[in-house]
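Here's a protein model to get to know.

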Amino acid sequence: MATRSDIQMQKLIAKAEVLLDALPYIRRYSGKTMVIKYGGHAMAAEDLKESFAQDIVLLKFVGINPVIVHGGGPQIGQLLAQLGIESQFVRGMRVTDAQTMDVVEMVLGKINKEIVSLINRHGGRAVGLSGKDGELILARKLSVEAEEGGKIGKVDIGLVGEVRAINPMVIEALDRSDFIPVIAPVGVGERGETYNINADLVAGEMSEALRAEKLMLLTDVDGIHDADGNVISTLDIERATQLIRDGVISAGMIPKVECCIEALRGGARKTHIIDGRVRHSVLLEIFTREGVGTEVVRETTRGSVAKKRVDARRA
């Protein structure tokens, strides 16, 4: 019969084995940059916020350079409603006039400080940034085509922008000094104007500019689904494009998948759409073979979905 001390020792050994399982991944990714888009339920539930901060601090301490880009759409919508300002959307993008832009900057600034404080409380050294700081995110007005009055044409959605260029020197300097950048998705135009930019797009462009090892998008779903409703473990660009064309990937998942595709073509090695509702989802995606969600890569080897995941993660 096992004594209490024997049982406790077995638990300690099991913990040691978990660390050993992570060792190949730590060795592989040490010194590499990973861009993580933080949003959705993971940014609202207290237990998920705590686990996310712990994940980021651990990454930094094992030699990985995490770069955080956060959203804030629901919080912006809530404050606009409280102020009696109606939110309008065109193709999923918030129409942003000067008054709305003030609210966007205020809310994103508040969220940014909260994330920085949480990471620092868990032992990290986070620094909050707007894309306007050091001209980190250079932007231009986004041109949108949509149906208006029964005709398809260009629609002015105000101060909504797209990334023109990223200044990686700002992030690289922080990484060298062991700081963790936390970035609000606001860009600056050529004449100093401020633009509201989709956080997924900023994260994708950031991963390209930094030639990140991984781009990870935290979402409120368990991954990309196939036509039968099953989660696809690993997906390559060719199949992802076909699934969009067939309407299997639809609605809000389309811009996320397109963001991953562009990041891969621009230099990111791997991209991931993961379930942010799972505690420690970032660590599970990086340090386990199975991962949490869907891995999007340039190409996959032939074989079963499970084998594709294993092969891709070993590569």
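What follows is a short tour by topic.

This is a predicted model, where local features need pLDDT of at least 70 and side-chain atom pairs count only at pLDDT 80 or more, while totals for chains, interfaces and linings use all residues. Residues are numbered from 1 along each chain as its sequence is written, and side-chain values use heavy atoms, with hydrogens and water left out.

**The sheet**

- An open sheet of 8 strands runs in the order β5-β10-β2-β1-β13-β15-β16-β14, with mixed pairing; strands here are DSSP runs of E with at least two residues, helices are runs of H or I with at least four, and both are numbered from the N terminus.
- β5 (126-130) and β14 (234-236) sit at the edges with a single partner strand each, so one side of each has no neighbour in the sheet.
- On average, neighbouring strands of this sheet are turned by 20° against each other, direction ignored.

**A helix pair**

- The axes of α2 and helix α4 (residues 98-121) come within 8 Å and cross at roughly 65°; axes are lines fitted to C-alpha atoms, for helices over the stretch in contact, and angles run from 0 to 180 degrees between N-to-C directions.
- Lys-49, Glu-50, Ala-53, Ile-56 and Val-57 in α2 meet Leu-118, Ile-119 and Arg-121 in α4.
- That contact divides into 5 nonpolar, no polar and 3 charged residues (Ala, Val, Leu, Ile, Met, Phe, Trp, Tyr, Cys and Pro count as nonpolar, Asp, Glu, Lys and Arg as charged, and the others, Gly among them, as polar).

**Pockets and a cavity**

- On a 1 Å grid over the protein atoms alone, a cavity is a set of points where a 1.4 Å probe fits but cannot get out, a pocket is an open set with protein on both sides within 12 Å along at least five of seven lines, and lining residues have an atom within 4 Å of a point.
- Grid points are joined across faces, edges and corners, and a volume is the space filled by probe spheres set on the points.
- The largest pocket has a volume of about 1500 Å³, and of its 49 lining residues, Gly-92, Met-93, Asn-198, Ala-199 and Asp-200 are the closest to its centre.
- α8 gives the largest share of that lining, 7 residues, and the lining as a whole has 22 nonpolar, 15 polar and 12 charged residues.
- The second largest pocket holds about 390 Å³ of space, and the largest share of its lining, 6 residues, comes from α1.
- There is 1 cavity of 30 Å³ or more, and the largest cavity has about 50 Å³ of space.
- α2 (46-61) and α9 (281-287) each supply at least two residues of the largest cavity's lining, with α2 giving the largest share, 4 residues.

Key. Contact = heavy atoms within 4.5 Å. Pairing = 2+ DSSP bridges.
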